[in-house]
Amino acid sequence: MKASLKGKYETDKSSAAANISVFASDVKFRASLTDATFAAGPSLNGLVLAVEKPGSFIVDYNVPKKDFRFQFLNSVRVAGKPLNLNYIHSRGDNRTILDGTLVLDSANKVSANHVLGSRNGKFKYSYLHGGVTTFEPSYDLAKNSWDFAVSRRVYGDDVFRASYQTSSKLLGLEWSRNSKINGSFRVLASVNLAEEQKIPKLTAESTWDFEM
């Protein structure tokens, strides 16, 4: 049995969440809780139950909303290149998302994301330079705008990332670490350059994993 605890702090609020996973052969059962589950005494608020077969499917059930979310994953080859497909359907809002990533080689891949029945869609190209620096330009169909991101891995576990959304003029700087020994954390600072008072918004997240 595995468990994880996640804490999140923002300039105007803080929150916490926990996951408990149990493996049975190649299937994983998971229960997710948030601070809303215990805010006013034990309740079903924020409780999500899930069944997952890694690389195949995920079924989530939001207990308080009585809502199912289905996710199916598959991989095929196109012209000898792997194409990773992802189908997501949420029953509550009747929304279906199709996502695909074509891996051209170890450094280049392209991906597309589309919400069926809408103009919402994104295209992204990812280029890994020297094994440590990633450039990711993307285009948003609905907003008719480009987003840009660049990240660099340093010291093995640390990643620094900068991003810019042209539609909202939102600039973001992020530092993250994913360590099996010391846990994971993410620190994000963002500022809206379109606002007269450019006050940065700070967010910090930390995750600890446990074997039970």
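Guide: Start with Asn144. Its relative accessibility is 56%, so Asn144 counts as exposed, since the cut-off for exposed is over 50%. Keep in mind that this is a predicted model. Asn144 sits in the loop between strand 11 and strand 12. Its backbone deserves a look. Phi of Asn144 is positive, about 50 degrees, although Asn144 is not a glycine.

Now turn to Asn94. Here too phi is positive in a residue other than glycine, with a value near 50 degrees. Asn94 belongs to the loop between strand 7 (81–90) and strand 8 (95–103). With a relative accessibility of 61%, Asn94 counts as exposed.

A glycine comes next. Strand 4 and strand 5 form a hairpin with three residues between the strands. In that hairpin, Gly55 takes a positive phi near 80 degrees.

What is the volume of the largest pocket? About 460 Å³. The largest pocket is lined by 23 residues. Nearest its centre lie Lys122, Ser138, Asp147, Arg161 and Gln165. Several elements give two or more residues to this lining: strand 9 (108–115), strand 10 (121–129), strand 11 (133–140), strand 12 (145–154), strand 13 (158–165), strand 14 and strand 15. Strand 13 provides the largest share, with five residues.

Side chains of opposite charge can pair when their charged atoms come close. Arg186 and Glu174 meet in a salt bridge, 3.2 Å from N to O. Are the two partners buried, partly exposed or exposed? Arg186 has 27% relative accessibility, so Arg186 counts as partly exposed. Glu174 has 18%, so Glu174 counts as buried, the limit for buried being under 20%.

Arg186 has another partner. Glu205 forms a salt bridge with Arg186, and the closest N and O atoms are 3.2 Å apart. This pair links distant parts of the chain, Glu205 in strand 16 and Arg186 in strand 15, 19 residues apart. Glu205 has a relative accessibility of 14%, so Glu205 counts as buried. Now widen the view. A network of salt bridges links Lys6, Lys8, Glu174, Arg186 and Glu205. The whole structure holds 15 salt bridges.

One more of these pairs is worth a stop. Lys28 forms a salt bridge with Glu52, with 3.6 Å between the closest N and O atoms. Lys28 is in strand 3 (residues 27–34) and Glu52 in strand 4 (residues 48–53), distant parts of the chain that lie 24 residues apart. Both Lys28 and Glu52 are buried. Their strands are paired as well. Strand 3 and strand 4 run antiparallel and are joined by five bridges. Among the partners there, Lys28 has Glu52 in strand 4 as its bridge partner. Strand 4 also pairs with strand 5 (residues 57–62), again antiparallel, through six bridges. In this pairing Val51 stands opposite Val59 in strand 5.

Next, the surface. Which residues make the nonpolar patch of about 760 Å²? They are Met1, Leu5, Ile20, Val22, Phe29, Trp208, Phe210 and Met212. Strand 2 (14–24) and strand 16 (201–211) are the elements that give two or more residues to this patch. Val22 is placed in strand 2. Its relative accessibility is 34%, so Val22 counts as partly exposed.

Finish at the loop between strand 1 (2–10) and strand 2, where Asp12 is found. Asp12 has a relative accessible area of 60%, which means that Asp12 is exposed. Asp12 and Lys201 are 189 residues apart in sequence, yet their C-alpha atoms are 9.1 Å apart in space.

Notes:
Residues numbered from 1 in each chain as written. Predicted model: local features only at pLDDT ≥ 70, side-chain atom pairs only at ≥ 80, totals over all residues. Heavy atoms only, no water. Patch = residues over 30% accessible without salt bridge, like charges linked within 9 Å, V, L, I, M, F, W, Y side chains within 5 Å. Areas by Shrake-Rupley, 256 points an atom, 1.4 Å probe, with all protein chains shown as cover. Salt bridge = Lys/Arg side-chain N within 4 Å of Asp/Glu carboxyl O. Helix = DSSP H or I, 4+ residues; strand = E, 2+ residues; numbered from the N terminus. Buried < 20%, exposed > 50% of the residue type's maximum accessible area, 1.4 Å probe, protein only. Pairing = 2+ DSSP bridges. 1 Å grid on protein atoms, 1.4 Å probe; cavity = no way out; pocket = protein on both sides within 12 Å on 5 of 7 lines; lining within 4 Å. Points joined across faces, edges and corners; volume = space filled by probe spheres on them.
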